[in-house]
Amino acid sequence: MIRGLIALVLVLIALPALAQDSMPPAPYAYNQLADPRLEAEASALMHTLRCIKCQSQSIADSDAPMAGDMRHQVRSRILAGESPEQVRRWLIDRYGDYVSYEPEVSATTWPLFAIPVLLILAALAVLLRRLGRRRGAGEGEAA
Amino acid sequence: MRNRLWLWVPLALFAFFAGLAAYMLTQPKDQFVQSAMIGQPLPDFALPPAFTGLPGASKADLADGRPRLLNIWASWCLPCIAEAPQLEALQKQGVEIVGIAIRDRPEDVANFLAKHGNPYTRIGSDRISEVQLALGSSGVPETFVIDGKGIIRHQHIGDIRPEDVPKLIAELEKAR
């Protein structure tokens with residue numbers, strides 16, 4: 001019984017190890033860039049990129065090996081002189097808008113940006129009409 | 001009377017969105033991120049051999065006029081074991097399969113192939129998922145159909161099940 005339990009616990013501990021590789025992380029997965037200005041740029045970018053494997057986390061927040069490899073890509077590309085927006089574009093070209101947390105106006109997302117503006121305009125129009133009407137009515141009474 | 005009806009519009013809208021949200025909560029979430037590289041040429045790459053038994057893989061090896069499968073896998077990946085028989089079946093039907101081993105060690109690659117069969121003609125070693133990211137691949141296993149010019153024609157996400165084999169053969173045929 002006890003032996004069985006111990007075996008079960010050991011198996012449960014071992015399972016996650018099987019599901020992931022045992023390779024060391026990529027050079028820039030956990031190491032910052034030497035230049036603090038570049039590291040700040042890379043870090044700001046990494047907080048707005050989605051981990052493809054662990055989709056509710058940014059690559060800056062995830063310990064998944066793939067997130068580490070994505071951080072390595074970001075840092076080494078920034079180090080090579082690419083701008084953060086170029087690196088973001090590189091990833092969007094491969095994974096679509098989904099990889100970026102920064103909202104972008106595109107063929108599918110433009111209503112998200114247009115609808116609030118239209119609603120505000122509509123509300124203003126209604127408000128102006130009502131106010132105008134009331135003022136008109138008030139003047140009418142006074143006269 | 002018409003004005004009265006207008007009063008119900010906000011409530012109806014609210015009910016619509018509440019219903020939509022409730023419905024979407026019951027739908028299974030699509031976890032897969034499709035590559036945006038379909039129809040694009042392969043990125044430039046040249047990977048060293050993943051173990052001593054087979055040569056490595058580069059873009060040039062996949063753009064010599066013959067369509068091929070490019071299989072992204074790893075020895076530590078459990079679904080890769082499940083798809084091994086299907087890769088073998090594809091290879092038996094004359095399909096050439098080039099592998100890219102993600103974050104893998106030579107001895108583990110050799111062990112995996114000894115245990116589960118070797119359907120590959122080349123295996124490149126991608127130790128930091130560099131080529132995987134350049135391909136827009138989001139996990140292992142994944143299989144790309146590459147035409148003779150090195151253009152990515154099709155992406156299969158997840159392990160290849162027996163029922164997926166004819167589909168992949170058809171995609172290879174289309175890429176000819």
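**View 1. Domains of chain A in the predicted model.** The C-alpha centres of domain 1 and domain 2 of chain A lie 43 Å apart. The model is predicted. Domain 1 of chain A covers residues 24-104, and domain 2 of chain A covers 106-143.

**View 2. The contact between chain A and chain B.** Chain A contributes 19 residues to the contact and chain B contributes 17 residues. On the side of chain A that touches chain B, the elements giving two or more residues are α1 (2-19), α3 (65-79) and α4 (84-95) of chain A. The most comes from α3(A), which gives six residues to this side. Sorted by class, the side of chain A that touches chain B holds 10 nonpolar, four polar and five charged residues.

**View 3. The largest nonpolar core.** This core has 37 residues. Those with the most contacts inside the core are B:L70, B:W73, B:A74, B:I100, B:A101, B:V140 and B:I146. Two or more residues each come from the chain B strands β3 (68-73), β4 (97-102), β5 (120-126) and β6 (142-146), and likewise from the chain B helices α3 (78-92), α4 (106-116), α5 (130-135) and α6 (165-174). With five residues, β4(B) gives the most to this core.

**View 4. Surroundings of B:I146.** B:I146 is among the residues with the most contacts inside the largest nonpolar core. Leaving aside residues up to four places away in sequence, B:I146 touches B:L42, B:L62, B:P67, B:R68, B:L70, B:I152 and B:R153. Of these, B:L70 is also listed among the residues with the most contacts inside the core.

**View 5. A second core.** A separate core of 18 residues includes A:L45, A:L49, A:C51 and A:V99.

Conventions. Residues numbered from 1 in each chain as written. Chains lettered and ligands numbered in written order. Predicted model: local features only at pLDDT ≥ 70, side-chain atom pairs only at ≥ 80, totals over all residues. Domains from an automatic or database assignment. Contact = placed C-beta atoms within 7 Å. Helix = DSSP H or I, 4+ residues; strand = E, 2+ residues; numbered from the N terminus. Nonpolar A, V, L, I, M, F, W, Y, C, P; charged D, E, K, R; others polar. Core = buried A, V, L, I, M, F, W, Y, C linked by C-beta atoms within 7 Å. Buried ≥ 20, exposed ≤ 12 C-beta atoms within 10 Å, placed from the backbone.
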